[in-house]
Structure formats: C-alpha cells, structure tokens
Amino acid sequence: MNVVMAGVGGQGIILASDILAEVAMRHGYDVKKSEIHGMAQRGGSVMSHIRFSEKVFSPVIPEGECDILLSFEELETARYLDFLRPDAWVLINRYRLPPPTVSIGKEMYPEVEGIVREKTRRIVFVDAGDIALSLGNKRVLNSVLLGVLSTLLEPDTDTWEQCIAERLPEKVRDVNIMAFRMGRDIRQENKVRGG
Amino acid sequence: MKKILSGNEAIARGAMESGVRFASAYPGTPSTEILETIAREFPEIHAEWTPNEKVALEVAAGASYAGARALAAMKHVGVNVAADPLMTLPYTLIRGGLVLVSADDPELFSSQNEQDNRNYARFAKIPMLEPSSSEEAKDFVKTAYRLSEEFSTPVMLRTTTRISHSKGIVELEEPEDPPRASLERHPVEWVMLPANARIRHPVVEERLNRLKDYSNSSEYNVMEINDASLGIIASGAAYQYAKEAFPDASFLKLGLSYPLPDVLVREFAAKVKELWVVEELDPFIERQVKELGIDCHGKDRIPMCGELNPDIVKKAISGSVNTGSSSLKLPARPPNMCPGCPHRGMLWALKKNKCFIAGDIGCYTLGFLPPLDAIDTCLCMGAGINHAHGMSKVLDGGKKKIAAVIGDSTFFHSGMTGLLNLAYNKGIALVVILDNRTTAMTGAQDHPGTGIALDGSKNIEIDLEALVKALGIDWVKRVDPYDVDTTRQKVKEALEQEGPAVIISSAPCVLLPSRRVSGVPLKVDSDKCTGCKVCLGIGCPSIEFKDKKAIILDTCTGCGICKAICPFDAIGGDV
C-alpha cells in the first residue's frame, strides 16, 4: 500500500504520516516513510510518502503506484498526480492557501477538481477545517483527515485511536480522538454519493 | 522491541547502544536530529552544540584520545569546515572509537551545493559505511565503533537526506559497556610535527590495505545472486531504488563502500552479463571499478545531478525513453520568511538605502525571493562579511553602499574571523548581525549567544556588542528591526561612517516563545488603500492582493512592518 500525504508546512502532515506508519507496523507490515522537512516550517510545500507491505525497498513511491493521495490543501493535490495509479483514491481537504505568486495577483489559483478528475474518478472532498473548528481546535484537522483515510485502509479503529493517543499530549488527546471519529463518519456518509 | 525511527534517530540510538560518551555537532539539515535525539533521549551521553563543525570534530577527537567513544555529526558542507582536522586525524592514534557522520544532500533540499562526501573518505583514507535504511543506520554505527577501535582510525558514516529523514522499523538492542576514559600520552602518535607525521603516513597506507582485506570479507558487503543477466553494484539509498526497480536482478550491495572490496567486485563482475553501478552524484564507485580494469555502465546513463529514485533508475537501465512527468504548470510554493519575521524590517531598511547586500546562510537568505529581492550573494557560512569587505576595497570612490548580513548563529560559526579581518584591514563595509537569538533555519537550536546549552542548562551568554568591539569595531549600534523608520535611519548613519560599522538587528525569531509580536492580525482600511502595492514589496505571506486592494490574512502576527511602510496610513490595528 502506497499513500502520499500532501500539503503545506504547519498543517500536521508529518505527525499524521507518523501515525499511519505506526498503525501499519502494528498490523505486522514492513513500513517505510519519507518526507523532506528542512524548510517545511517556512510555509513551503510538504509531501510525505508512506509505504507498507510485506517488504518495502524504496522509501519513495515510484510513479504510477500511489494507492491513496491524502491532500491537506487543494492546489497541493495537483502536484503529485504522476504518482497515482489509474484507480487511486484522492481525498482532498477543502482548503485553499494561495501561494505567493497568487497572493500578489501574478498567477491564478488553479481549478484543481477538474485536473484531478482527468486522473481518477475516485475523489472525496472533505471540509476537515470546519469539523476541526466545530471541535474548537483547528489543529485537529490532521486527525479528521486520518479518520477519513482510515475508512479506506482498516476497519479496526482501536489501533488507530491507540496510536493517536500515544503520539499526542494528554490535553489534546480526547479532542483528536473525537476528530478522528468524526472524520470516519463523514466518509461513511460520503460513500453514498461519492466514489 | 521494534520502533519506527528516522535514519537520524537510528544513528542516535546506535550511538547509545555503542556506549558513546561524547557527541558534538553544529546544526545542519539533514543532520540536526542526531544530536537533538541524543540530548532528548540519552542524557547519559554528553552532547553539545559547538559553534562550528571544525570544533565539533576536534572536541570529539579529544574525547576519543581520552579513550571514550565519540561522535561528531554534520551536514556535507560542514565537513568542509572540519576538513583540516579530518585530513590529519587519520595519522594519529585513535583510542576510543571516533565516528564522523556526514549527512549529504543530493537534490539540494536545504543546501548550497550537492557535493558527494564519499570523496572525503578516499581523500582522508578512512573507512566509510553507507546505510541504506534506518535499521542499517543503527547497526552500522555499532560496526563503525568496532572498526574504529580495531584499526585505530576515524570512521565515516555517510548518509543522504533520504536516509537521514526517512523512517523505517528498527529492532532496539541493549547498550554495550562503554570503554572508560583514561589519560595516556602518545607523543609520536599525537604530536603531528613533520618528524612524527612522516612516521605516521606509512601507518595510514598500511592500514588502508588491511581495511581493503576487511572490506572483502565484511558481512555488510554482500552478493545477492538472482538473474545473472543484470548485475548492479549499489550502496545507500541507491540500492533501495535499484532493488525496487529491478527486484530480480543480481546485486552487490556495499555497506562498507570504502575501501572498495576489490575481490568481491571482480567475483561479482564475472558472474553477471551486464554490470551497472547505480549511485547518486559522483561516479565514486564506478571510477574505482574501472580502475580495476572492469567495464561497467553507470554515469553514461544515470544522472550525475540530483537525487535518484526508482523511476530514474528503471528508465536508465532499461533504456526506455524518459517520457517526462506531466507538464502541468502550477504556481510554486517555495519556503518563505515567516509572517512577522524580524529580518524583513532590516532587509527593507537596507534596500531603501540602496545597499548591495552580501548574504550568508540562514533564513534571511530567503530574502532573495521576489518581491523583496534583498540578497545579492550567498556562498557558504561566514562568506558574506568577507565578500562585502573585498568588494568595498576594490570599488572606486572608496565608500560604496556595500553591506553584509549574517545571523547570530552564523556569526559565531565563522563570521567572527571575517569581522576581525575587516577591522584589522581598515574595511569600510557595513556589517549587520541579524540577532534573532537562535539558529532558526534548522529549527531553533541554541548557540553561545543564548548561553543555553544542548542539555538546557544556562551557561555563559556571549555579549555580542562587547564581542564586536573586542574584534576591533568602534561603531556598534543596536536597533529594533520592527521599528522600521529608526532602522532605516540607523543604516543611513552607518553608511556615512568613515570606518567600519556594525549594526546588531535585535529581535527574537517569530517562532520563539520570546517573540515580540502581538499575534493579533492587522487590518487594511479599504477606503484608504489605494492599491499602491508598497506593502507587497516586503514579501509577507500574510498580505494578499485582491480586487486592487491589499488584504491581510489571519496568519498575520501583527508585527507592524507593513503598517510602518504604508504611505497612506491604510493599515490599522495595534502593534
């Protein structure tokens, strides 16, 4: 299984990918995970590759072999389409953060949905930010998205919740578990009309 | 017990399991987390940030001379700074194991070049191990200590960004008993006067021959014979990419990649029909294979520049045409100075004074990006002051508007000698020390200017102003870069000085708890905003331009730099 997580520095992508890797290991898989973080804190694009199966060699996913792309920001989704298998799932958080050239009016923010549709029909949009806000903490966005992702990977939620709990400080543990569960729920509702 | 660790965390773990007593480093991507992990998880190891990599290697060598196992970690270009001790250390007697971790950065994710530090192993005539996973990173550290002590040599452990920052499963083990420190004297082996060094050079050469024999029998240099029509020699991350691309091929996997195991290479070459060397950057292994008189493919098809991946390797070896990735043009999202970054105020003031700005290595280098366009040179740590001095000496008319900017941590690293030179040789350039109280670019590490050591203890805090004066500069002023008008005025004043001038631009990094911004976003009064775009000139990610007006986003920290420069007083809110 090959998962790409994409977004912008500060959105909690590294933590989310750590949790997915941990869940996979506890299910007995070999796991490798790779991302570039040196400058992530400075608002640049962030991408994390998570791979798990019986034996994993390359820490980066070859082109055309990504099963799921989980994107924390709309435009960032479009950067990694070459990685997708033809039948890949693309989960997109409805959030637009204009890059510098768009901010100053030099370029347009692209229409991402159309671009992704040319690659795959399996697209799910999620308003993870709204859910996070409804829980009173916008930083739990990544747990909401992990909840959505989990419905495509693993029916057993215990390991997920345990790994989330272990990785987070006590005072934000419960709210992240709630966010994770709400993420699962929307995806289950969404299945009816999307996919 | 199993745990998912990054390559850097695995190296730290390997150091602990090896009984390392002393670890030193200057922060540098992608090596920084090695010392951070040691400090956080293994307090039994004395770990310290040093002002630069030369110091890091020399203090580690001292610990080794005293019989303790020691580790020095740095990024690839850091080894250049440490190259002086590195080239002579192999002549000397190594008591406690001494390991130098060099974290290279193919693809230049966060560096000024992509030099291949495997060349240093050959240059310094020391053995080199190249892990290809986190598990190996830990195991190879332990092997490196055994090798270092058995052969009395420094050992290089070379990683790349993909190994340092990728994570994988590692089996944790119990620590070994560390060798005890004790004082001995070995004058012939430790005092590198010509008479002694002449005796030691043959020792290095003879050791290298013994290491070659060892390399041929090392358990980390292994043949995997499968389909014999394709044979691949590879090490490090390149092995994983090649294995992914050609799982059925035969492999000679090199873990101890220098000295090259010549017997194994000959044996492997004889077994396979087509021989390839798959490696990132230089043809380091390929050249040595060819020196043995063995023909092989390598850099004739595999790129010399940038990082490899399974796709590049597959296309190169199978000879398929590179169809290229989809040519979708998307707006780029480069890293930028943060909203509220104090560097912005100072760079703006220098630009308004029409300065040529010699830059250095740090977050402020990002001030190069449009629309700020404020950095005119960036070469290596500490170079900016020297560029400025050299330029101002040869430009006609004496006083020109040449300025250098350098961060506090970079100043301690290698800016001090440049400033000393500037004072000594009657320089006239303006030097600005961007004192944000941290090593920001690598994720906020402390340094002598903060006085906080890696273990969190508070030691001597260096007084920057007094230090600058002691280096021979009389005109030293401190400014608050958020006070844009005063800053601009002070720069003007500094440029008018006959002699050298130093401005200390003093405000903590906006990512530190001690930051001096309100955190409350400012607001644009759209009636007053004329759409002049002056505020866009500072390149703040929190300012957007929409429908011919500036808008301030909720990521604004309220630093007030845009408010101060707005000609129409259109930006409101408390600063």
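## Strand 2 of chain A and its partners

In this predicted model, A:E35 stands opposite A:S48, a residue of strand 3 of chain A. The two strands concerned, strand 2 of chain A and strand 3 (residues 45-53) of chain A, run antiparallel and are joined by 6 bridges. Strand 2 of chain A also pairs across the chain boundary: 2 bridges join it to strand 8 (residues 167-171) of chain B, again in the antiparallel sense. There, A:K32 has B:G168 as its bridge partner. Strands of a sheet pair through backbone hydrogen bonds, in either a parallel or an antiparallel arrangement.

How many residues of strand 2 (residues 30-35) of chain A are buried? The count is 6 of the 6, so the strand is largely enclosed by the rest of the structure. In a regular strand, side chains alternate between the two faces of the sheet. Both faces of strand 2 of chain A are covered, with A:D30, A:K32 and A:S34 buried on one side and A:V31, A:K33 and A:E35 buried on the other.

## Chain A as a whole

Chain A contains 8 helices and 6 strands, which follow the pattern β-α-β-β-β-α-β-α-α-β-α-α-α-α along the sequence. Its radius of gyration is 16 Å, in agreement with the value near 16 Å for a compact globule of 195 residues. The C-alpha atoms of chain A fill a box of roughly 45 × 40 × 40 Å along the principal axes.

Of the 195 residues of chain A, 55% count as buried. Among contacts in chain A with a separation of 6 or more, 63% involve residues 24 or more positions apart. The accessible surface of chain A is about 8200 Å², and carbon and sulfur atoms contribute 49% of that area. The mean positions of its 25 positive and 28 negative charges lie 2 Å apart.

## Chain B as a whole

The secondary structure of chain B consists of 20 helices and 22 strands. The radius of gyration of chain B is 26 Å, close to the 25 Å given by the globule rule for 575 residues, so the chain is as compact as a globular protein of that length. Its C-alpha atoms fill a box of roughly 80 × 60 × 55 Å along the principal axes.

Buried residues account for 59% of the 575 residues in chain B. Of the contacts in chain B between residues at least 6 apart in sequence, 74% join residues at least 24 apart. The accessible surface of chain B is about 22700 Å², with 54% belonging to carbon and sulfur atoms.

## An open sheet in chain B

In chain B, 7 strands form an open sheet of mixed pairing, in the order 3-2-4-5-7-6-12. Strand 3 (46-49) and strand 12 (256-258) of chain B stand at the edges with a single partner strand each, so one side of each has no neighbour in the sheet. Strand 12 of chain B pairs with strand 6 (residues 128-129) of chain B in the antiparallel sense over 2 bridges. In this pairing B:M128 has B:Y258 as its bridge partner.

## Local features of chain B

B:C529 lies in the loop between strand 19 (523-524) and strand 20 (543-546) of chain B. At 10% relative accessibility, B:C529 counts as buried, because buried means under 20%. Beyond its neighbours within four places in sequence, B:C529 is in contact with B:V524, B:K549, B:A550 and B:A570.

Helix 13 (residues 284-291) of chain B has B:F284, B:I285, B:E286, B:Q288 and B:V289 buried. Just after this helix, B:G293 takes a positive phi of about 85 degrees.

Definitions and conventions
Residues are numbered from 1 along each chain as its sequence is written. Chains are lettered from A and ligands numbered from 1 in the order in which they are written. This is a predicted model: local features need pLDDT of at least 70, side-chain atom pairs count only at pLDDT 80 or more; totals for chains, interfaces and linings use all residues. Side-chain values use heavy atoms; hydrogens and water are left out. Helices (H or I, at least four residues) and strands (E, at least two) are DSSP runs, numbered from the N terminus. The radius of gyration is taken over C-alpha atoms; the globule rule is 2.2 Å times the number of residues to the power 0.38. Buried means under 20% relative accessible area, exposed over 50%, partly exposed in between (1.4 Å probe, protein chains only). Contact means heavy atoms within 4.5 Å. Accessible areas come from the Shrake-Rupley method with a 1.4 Å probe; for residues, only the protein chains shown count as cover. Two strands pair if DSSP finds at least two bridges between them. Lys and Arg count as positive and Asp and Glu as negative; His and the chain ends are not counted. The place of a charge is taken as NZ of Lys, CZ of Arg, CG of Asp or CD of Glu.
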